[in-house]
Amino acid sequence: VAVMVRLEVCVDSFASALAAVEGGATRIELCAALSEGGITPSVGLLRLLRERIPFAPIHVLVRPRSGDFFYTEDEFAVIWADMEALKQHGAAGFVIGFLLPNGSIDLARTEQALALAAPLPVTFHRAIDMAREPVEAVRQLRSLGVPRILSSGGAKTAFEGREVLRAMIVAGQEGDGPPTLVVPGGGVTESNAQALVVATRAEEIHASARTAVESQMLFRNTTVAMGSDSKEYAWQVTCSKRVAAILEAANAC
């Protein structure tokens with residue numbers, strides 16, 4: 001299959017990153033704790049992946065905690081420090097997203113992130129789906145020179161948000177100046193990727209393509225939970241076959 005539509009895969013482990021590349025992912029978005037929607041991953045994980053898969057572009061999520069996208073001064077200090085450290089260890093780009101309490105984009109902080117990331121590219125993530133006016137937000141981010149935006153069109157999944165996504169994609173392309181690529185992401189699977197691409201005419205899509213993996217532990221203490229999501233003996237890992245299937249479906253148009 002000729003790959004016209006690219007696929008970025010978000011991963012939160014070493015195994016997932018390798019599986020994404022094996023399945024044909026165009027790019028990796030490296031995170032930690034996708035169960036929390038993703039937070040900043042460790043420098044060690046990035047460094048070891050750069051050694052193992054040096055040919056794969058790895059864009060790194062910088063998000064200091066789960067929850068909303070309105071951050072304190074101290075949290076921004078952490079964000080800037082993480083960006084500097086991750087840049088030194090081979091990040092190929094950054095994935096960020098900042099909002100103001102009124103639901104608009106924090107343009108000043110986004111501009112700071114662009115300056116700190118340079119010359120590396122920045123993607124504004126699905127914080128845009130929590131913004132008041134996603135289509136207008138695309139225009140604002142484009143005026144700042146943000147090259148990519150990840151979005152579900154403000155809906156629970158990208159497929160449900162496909163009409164808004166189409167409008168966002170158009171807003172990223174119309175008028176003068178360099179375009180901003182809007183990438184549909186959120187609940188993208190091999191069963192809806194083709195219809196999503198047809199509806200949005202996206203050039204690139206985003207998925208996690210995961211499957212459950214069972215623990216190798218023989219001894220199990222089932223009375224204790226280590227986190228709010230209490231599945232201690234199973235977790236989600238990217239499946240290379242699912243990555244390949246999503247790519248194939250997206251390019252079957």
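1. Two strands pair if DSSP finds at least two bridges between them. In this predicted model, strand 1 (residues 6-11) and strand 8 meet that rule, running in the parallel sense over four bridges.

2. Strand 8 itself deserves a moment of your time. Its residues 204-207 are covered on both faces, with Glu-204 and His-206 buried on one side and Ile-205 and Ala-207 buried on the other. As background, side chains in a regular strand alternate between the two faces of the sheet.

3. Next, the cysteines. A disulfide needs two cysteine sulfur atoms within 2.5 Å, and by this rule the count is zero. The sulfur of Cys-31 is the nearest cysteine sulfur to that of Cys-10, yet it lies 5.6 Å away, so Cys-10 is in no disulfide. Cys-31 is likewise in no disulfide. Both sites are shielded: Cys-10 counts as buried at 9% relative accessibility, and Cys-31 is buried at 1%.

4. A few backbone spots to check, please. Most residues other than glycine have a negative phi, and most peptide bonds are trans. Ala-33 has a positive phi, near 50°; this residue sits in the loop between strand 2 (27-30) and helix 2 (43-52) and is partly exposed, at 26% relative accessibility. Ala-209 also has a positive phi, of about 50°, in the loop between strand 8 and strand 9 (210-214), but Ala-209 is buried, with a relative accessible area of 3%.

5. Finally, the peptide bond joining Ala-118 and Pro-119 is cis, with omega about 5°. Pro-119 belongs to the loop between helix 4 (107-117) and strand 5 (122-124).

Methods. Residues are numbered from 1 along each chain as its sequence is written. This is a predicted model: local features need pLDDT of at least 70, side-chain atom pairs count only at pLDDT 80 or more; totals for chains, interfaces and linings use all residues. Side-chain values use heavy atoms; hydrogens and water are left out. Buried means under 20% relative accessible area, exposed over 50%, partly exposed in between (1.4 Å probe, protein chains only). Helices (H or I, at least four residues) and strands (E, at least two) are DSSP runs, numbered from the N terminus.
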